[in-house]
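Colleague: I would like to learn how to read a structure like this one, feature by feature. Could we go through it together slowly?

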Amino acid sequence: MPTPTQLTLHRASHALEVGFDDGSSFRLPAEYLRVNSPSAEVQGHGNKVLVGGKKDVAIDEIVPVGNYAVLLKFSDGHQTGIFSWDVLHELGRDQDKNWTEYLAALDAAGKSRLG
């Protein structure tokens, strides 16, 4: 899997920009990262939990975890998801598909992106 060469937090636009050594680069909104957190709270135990109401969430802090990941601390208090380089790359690569599926799931569940 590719390794990040750049990690930039854009506070004003609530996005994390990640560049990889394979030349790929992704701008990942905080909301997208929050609702796709690799934490047990979101991933559940075999069944992913649909998280709504995170449209205005921000990333408050990025904490390195060894040489393989970062812990993202979100403005809503969520801080248990460790985003490995593999996870960040996959989230970037599959962003359009994941986002479309997320919006459809919210709609089907009668949930909203708004808090």
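Predicted model: local features only at pLDDT ≥ 70, side-chain atom pairs only at ≥ 80, totals over all residues.

Colleague: Let us begin with strand S2: how many of its residues are buried?

Modeller: Helices (H or I, at least four residues) and strands (E, at least two) are DSSP runs, numbered from the N terminus, and a residue is called buried under 20% relative accessible area, exposed over 50%, and partly exposed in between, with a 1.4 Å probe and protein chains only. In S2, residues 15-20, six of the six residues are buried, so the strand is largely enclosed by the rest of the structure. Both of its faces are covered, with Ala15, Glu17 and Gly19 buried on one side and Leu16, Val18 and Phe20 buried on the other.

Colleague: Which strands does S2 pair with?

Modeller: Two strands pair if DSSP finds at least two bridges between them. Strand S1, residues 4-10, runs antiparallel to S2 and is joined to it by six bridges, and leucine 7 has valine 18 of S2 as its bridge partner. Strand S3, residues 25-29, also runs antiparallel to S2, with five bridges between them; here glycine 19 is partnered by serine 25, and alanine 15 by proline 29.

Colleague: What is the phi of histidine 14?

Modeller: Most residues other than glycine have a negative phi. Histidine 14, in the loop between S1 and S2, has a positive phi near 55° although the residue is not a glycine. The hairpin of S1 and S2 has four residues between the strands, and histidine 14 counts as partly exposed because its relative accessibility is 35%. In the hairpin of S2 and S3, which also has four residues between the strands, glycine 23 takes a positive phi near 95°.

Colleague: Which residues of the largest nonpolar core touch the most other members?

Modeller: A nonpolar core is a set of buried Ala, Val, Leu, Ile, Met, Phe, Trp, Tyr and Cys residues joined through side-chain atoms within 4.5 Å. The largest one here has 17 residues, of which Leu33, Leu72, Phe83 and Leu88 touch the most other members. At least two residues of this core come from each of S2, S3, helix H1 (30-35), strand S5 (69-74) and helix H3 (85-93). A second, separate core has five residues, including Val35, Val42, Val51 and Tyr102.

Colleague: Histidine 89 interests me too; is it buried or exposed?

Modeller: Histidine 89 lies in helix H3 and counts as buried because its relative accessibility is 8%. Contact means heavy atoms within 4.5 Å, and, leaving aside neighbours within four places in sequence, histidine 89 is in contact with Met1, Pro2, Phe20, Asp22, Ser24 and Phe26.

Colleague: Finally, which residues line the largest pocket?

Modeller: Rolling a probe the size of a water molecule over the atoms shows where empty space is left. On a 1 Å grid over the protein atoms alone, a pocket is an open set of points where a 1.4 Å probe fits, with protein on both sides within 12 Å along at least five of seven lines, and lining residues have an atom within 4 Å of a point. The largest pocket is lined by Val35, Asn36, Lys48, Val49, Leu50, Val51, Asn98, Glu101, Tyr102 and Ala105, and helix H4, residues 95-109, gives the largest share of that lining, four residues.

Methods:
Residues numbered from 1 in each chain as written. Heavy atoms only, no water.
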